[in-house]
Amino acid sequence: MKTRVRAVRPWALLALVLLLASTCVQAADEQTYGAGRRRRRSRRHSTAAAPANIMVPITFLNSSVEKGAVCMDGTPAAYHLDPGSGAGNNSWIINLEGGGWCNNARTCKFRTRSRHGSSDFMERQIAFTGIMSASAADNPDFYNWNRVKIRYCDSASFAGDTFDKGTGLYFRGQRIWEEAVQHLLSIGMASADQVLLTGCSAGGLAAILHCDQFGAFFAGRSTTVKCLADAGLFLDAYVFLLVDISGGRSLRSYYADIVYMQGVSSNLPPTCTDHLDATSCFFPQNIIDGIKTPIFLLNSAYDVWQVNIFARMDDLAK
């Protein structure tokens, strides 16, 4: 990994995306389109995992509850860790789980009855596949690294920090992010030779938002730090002189609700908020220009989820 994304202007952004198949199709398939409705999963994910993709148990961050690092319903945050071995014993890959967002009391309350809002509903074991796989054949670069998946249960790409008294919902994604990383540092990641922060979809956006924050955890150390955002390049169509099917900027309006409701503003990259409004700084196109940590973007030029979301944004917002 020797190439980093340098300054990218909005009008050049579409040329930046990589015409590669995303490794997080399943997570994108699990994005919700309004309360209770999900897209059907891709058939290619219906087959059993390869033998090397062992089931990895969950670990709850119970000690972080008193610090407010909790899911939307107040249950503990969680992660899965498959320890490294051999030459990869001192290398770490941190994967931020994706799974959409919520922008109002009804849709956020609904998510507390799922793994995206409560750790009570999270699987106690999950298979690590793709970039998280333990198979040398499937994942030759990272199969023997310490591989961690931080579970997603805050609904603002690990960036919110507030409590809604009216609904009793906790929006503590930023605290979950910070406490999870601090915990991983305490159990060995602090001495890592190299670390990679990655994420898919909403987790891909989180990897972009937190890339420099991740690098800051290793300041003064010899650790090589890099980031990879997979399918996290959500676009504000207005800068390309485009509008969605409703004739407006529905995704921007949707993001504005998330930023306001979940107290995201103070946790956005200051290199963006020093000259743009908070909602604009929730869009990757306005962030990546200021990221100092080496970052790679993997995104389809024709993102199926975004195409559908622009066509059905009115349903999503209900």
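Arg252 comes out as buried, at a relative accessible area of 16% (buried means under 20%, exposed over 50% and partly exposed in between, with a 1.4 Å probe and protein chains only). The model is a predicted one, so local features need pLDDT of at least 70 and side-chain atom pairs pLDDT 80 or more, while totals for chains, interfaces and linings use all residues. Residues are numbered from 1 along each chain as its sequence is written, and side-chain values use heavy atoms, leaving out hydrogens and water.

Arg252 sits in helix α5, residues 250-261 (helices are DSSP runs of H or I, at least four residues, and strands are E runs of at least two, numbered from the N terminus). Beyond its neighbours within four places in sequence, Arg252 is in contact with Asp236, Asp277, Thr279, Ser280 and Phe283 (heavy atoms within 4.5 Å). Other buried residues of α5 include Tyr254, Tyr255 and Ile258.

As for disulfides (cysteine sulfur atoms within 2.5 Å), the whole structure has 4. One of them pairs Cys71 with Cys153, sulfurs 2.1 Å apart; its S-S torsion is about -75°, so this disulfide is left-handed. Cys71 lies in the loop between β1 (55-60) and β2 (78-82), and Cys153 in the loop between β5 (146-150) and β6 (162-164), so the pair ties together parts 82 residues apart in sequence. Both Cys71 and Cys153 are buried. The bond between Cys102 and Cys108 has a torsion of about 100°, so that disulfide is right-handed.
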